[in-house]
Amino acid sequence: MPRNYWGEIKDPVHGYVYITEGEKEIIDSFPFQRLHRLRQLAGAEYVYPGANHTRFEHSIGVLYLAGKVAENPNISRSTSEDEAEMVRIAALLHDVGHGPFSHVFEYLLDKELGKTHEDMTHWVITNSELKEILNKIGYNSREIGKLAIGTLHKPKKAFLDQIISSAVDVDKLDFVVRDTHHTGAEYGYIDIFRLIQALDVLGENLAVDLGALSALESFIIARIESFKSIYFHRVGRAAQIMLATAMEKANEELDLTSFKTPEEYLAMDDYTVWTKLKNCKKSSGIIKNLERRKMLKCVYERTFYEKDAMISNIFSQETHRKQLQADISKKAGVGTEAVIIDVPTVPSVPYHHSVLMEPMEIPVFYKTREGKRVLQRLSEISKIFEVLKGFMNILRVYTDEENREKVSNAASKILGDIPASAKISY
C-alpha cells in the first residue's frame with residue numbers, strides 16, 4: 001500500500017511527525033479528537049503545573065516511535081510495508097478507549113464492569129466510526145483493535161504485538177520522555193532512539209542488543225524514578241483518590257458505567273464528567289475541595305523491602321486492604337471512610353501494570369564475532385535489575401485534615417513506626 005503523506009504535526013518532544021492521508025482521517029475522527037479532552041496525568045497538575053498534556057499528543061508520539069521501530073533494518077526485514085503501517089495505526093489508536101481522567105476511571109471500570117481501558121480500546125475501534133474509517137482506508141478494524149492492545153498474535157510475528165505492548169514498547173518509550181518533559185521531573189537522560197535501533201527479532205520475539213545495555217538500564221531507572229516522583233507522588237495520588245471517590249459516590253446518580261454504545265462512552269471526558277461531579281450532591285464536596293486544593297493528607301508512608309506474607313497480601317488483595325482500613329479506623333476512632341489505604345497495585349494508579357512488570361522479561365542478546373545472536377538472561381548481565389525488584393512495596397495511609405493526628409498514630413501502632421530514614425516531610 002503506497003504511503004500518501006498528508007503533512008506534518010509539530011510535537012514538542014519528537015519534532016516533526018509526518019502523517020499519511022489515512023492517518024489524518026483517523027486523527028480527525030471524533031473518538032481520536034476526544035483525546036484532546038483527556039489529560040495524560042490527571043492529578044499530577046497539583047504537583048507539577050506543567051503536567052497538562054493530553055492523551056492526544058502522547059498518541060501522536062507513539063505513532064511516530066512505532067514508525068521508527070518499523071524503519072529499523074532489523075525489524076523491517078521481517079515486516080511488510082502493510083504490516084509497518086498497521087503497527088503505526090494501531091499505535092496511534094492504543095489509548096482511544098481511556099475513560100475520563102484516564103487511569104482514575106479504570107478503578108470504576110474494573111469495580112463495576114470488570115473491564116480495563118484495553119478492553120474499551122478494542123470495543124471502540126471495532127464498534128465506532130473508526131471501524132468504517134479503517135475499512136475505507138484498507139484495514140480490518142478487528143485486526144487493528146487486537147494489535148492496538150497487543151493481542152493480534154499473528155503466526156510467527158509476535159514482535160508486532162510487542163512493539164506496542166511489552167517491557168520496552170513504544171508506549172512506554174514515549175510516556176517516559178513526554179511525562180518527564182511536561183512535569184520537569186527529569187531523572188537522567190534516556191536515549192530512546194538508541195534503544196529503538198538496538199531492537200531485533202529473535203525467532204519471532206523482540207529482543208534488545210546488549211550493546212545498548214546502558215541505554216536500557218537508564219530507561220528502567222527512569223521508569224522507576226518517574227513512578228515514584230510523578231505517577232505515585234503522594235499529592236498527585238491524593239487528587240486521583242479524591243476523583244476516584246467522587247466518581248464512585250456519584251455513579252449511581254450519574255450512570256457513569258451504564259453506557260451501552262461506544263458513542264455513550266465517548267461522550268464522557270474530563271470536562272463533561274468534572275461538570276457532572278460538581279453538580280451532583282454526593283460528589284460536589286470533593287470537587288469543591290479539589291478546586292481549593294484542600295487535599296487528602298498522607299499520614300503514613302513506608303516502603304517494605306522485607307518478604308512478609310501479611311504485607312504481600314495487602315499489596316495483592318483488596319480484602320486485606322479493607323481489613324487494614326477497618327483496623328486503623330477502629331484504633332483511631334473514626335469512620336472507615338476517613339481512612340484510605342493506597343498501594344501501587346490499584347487500578348487507578350497510572351501505568352501500575354507497566355511498571356510492575358518484571359524487568360527480567362526483557363529479552364537481551366549479544367552478537368558473536370561470526371554474527372550469531374545469542375540470547376541472554378538480563379539478570380545475569382545487569383545486577384541493577386536485581387536490586388530494584390523490591391522497590392514497589394510502598395504503602396500509604398491517607399485521611400482528611402481533621403483526623404490527621406489520630407489516623408497517623410493508629411497507622412503507626414498497627415503497621416509499626418516509620419524508621420527515621422524513611423520519614424517524609426508533610
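# Core, sheets and aromatic contacts

User: Which residues touch the most other members in the largest nonpolar core?
Analyst: L93, I328, L395 and V397 do, in a core of 137 residues. A nonpolar core here is a set of buried Ala, Val, Leu, Ile, Met, Phe, Trp, Tyr and Cys residues joined through side-chain atoms within 4.5 Å. Buried means under 20% relative accessible area, exposed over 50% and partly exposed in between, with a 1.4 Å probe and protein chains only.

User: Which helix gives the most to this core?
Analyst: Helix α14 (residues 234-254), with 11 residues. Helices (H or I, at least four residues) and strands (E, at least two) are DSSP runs, numbered from the N terminus.

User: Before going on, what are the ground rules for the model?
Analyst: This is a predicted model, in which local features need pLDDT of at least 70 and side-chain atom pairs count only at pLDDT 80 or more, while totals for chains, interfaces and linings use all residues. Residues are numbered from 1 along each chain as its sequence is written, and side-chain values use heavy atoms, with hydrogens and water left out.

User: Back to L395. What does L395 touch?
Analyst: Not counting residues up to four places away in sequence, L395 touches Y300, E301, R302, F304, I314, F315, L324, I341, D342, V343 and L415. Contact means heavy atoms within 4.5 Å.

User: What is the order of the open sheet of three strands?
Analyst: β5-β9-β6, with antiparallel pairing. Two strands pair if DSSP finds at least two bridges between them. β5 (297-303) and β6 (340-342) are the edge strands; each has a single partner strand, so one side of each has no neighbour in the sheet. On average, neighbouring strands are turned by 20 degrees against each other, direction ignored.

User: How many bridges hold β6 and β9?
Analyst: Three, between β6 and strand β9 (residues 394-399), in the antiparallel sense. I340 stands opposite Y398 in β9.

User: Which strands does α14 lie across?
Analyst: β5, β6 and β9, and α14 runs at about 60 degrees to β9. Helix α19 (residues 318-332) lies across β6 and β9, at about 135 degrees to β6. Axes are lines fitted to C-alpha atoms, for helices over the stretch in contact, and angles run from 0 to 180 degrees between N-to-C directions.

User: And the sheet of four strands, in what order do they come?
Analyst: β3-β4-β7-β8, an open sheet with mixed pairing. β3 (199-202) and β8 (373-376) are at the edges with a single partner strand each, so one side of each is left without a neighbour in the sheet. Neighbouring strands here are turned by 45 degrees against each other on average, direction ignored.

User: Do β4 and β7 run parallel or antiparallel?
Analyst: Parallel: two bridges join β4 (residues 205-209) to β7 (residues 364-367). V208 has V364 in β7 as its bridge partner.

User: How many bridges join β1 to β2?
Analyst: Six, between β1 (residues 5-11) and β2 (residues 15-20), which run antiparallel. β1 and β2 form a hairpin with three residues between them. E8 is bridged to Y18 in β2.

User: Changing topic. How many aromatic pairs are there?
Analyst: The whole structure has 12. Rings of Phe, Tyr and Trp (its six-membered ring) pair if their centres lie within 6.5 Å; planes under 30 degrees apart count as stacked, over 60 as edge-to-face and the rest as tilted. F227 and F232 have ring centres 5.8 Å apart and planes at 15 degrees, so this pair is stacked.

User: Are F227 and F232 buried or exposed?
Analyst: F227 is buried at 0% relative accessibility, and F232 is buried with a relative accessible area of 0%. F175, F227, Y231, F232 and Y351 form one aromatic cluster.

User: Where is Y351?
Analyst: Y351 is in the loop between β6 and α20 (352-355). Y351 is buried, with a relative accessible area of 3%. Beyond residues up to four places away in sequence, Y351 touches Q40, L41, R55, H103, F175, D179, F227 and Y231.

User: What about R55, buried or exposed?
Analyst: Buried, with a relative accessible area of 1%. R55 is found in helix α3 (residues 55-71). Leaving aside neighbours within four places in sequence, the contacts of R55 include D95, H98 and Y351.

User: Which ring does K10 lie over?
Analyst: K10 lies over the face of Y16, at 5.2 Å from the ring centre. R34 lies over the face of Y265, at 5.5 Å from the ring centre. A charge sits over a ring if NZ of Lys or CZ of Arg is within 6 Å of the ring centre and within 35 degrees of the ring normal.
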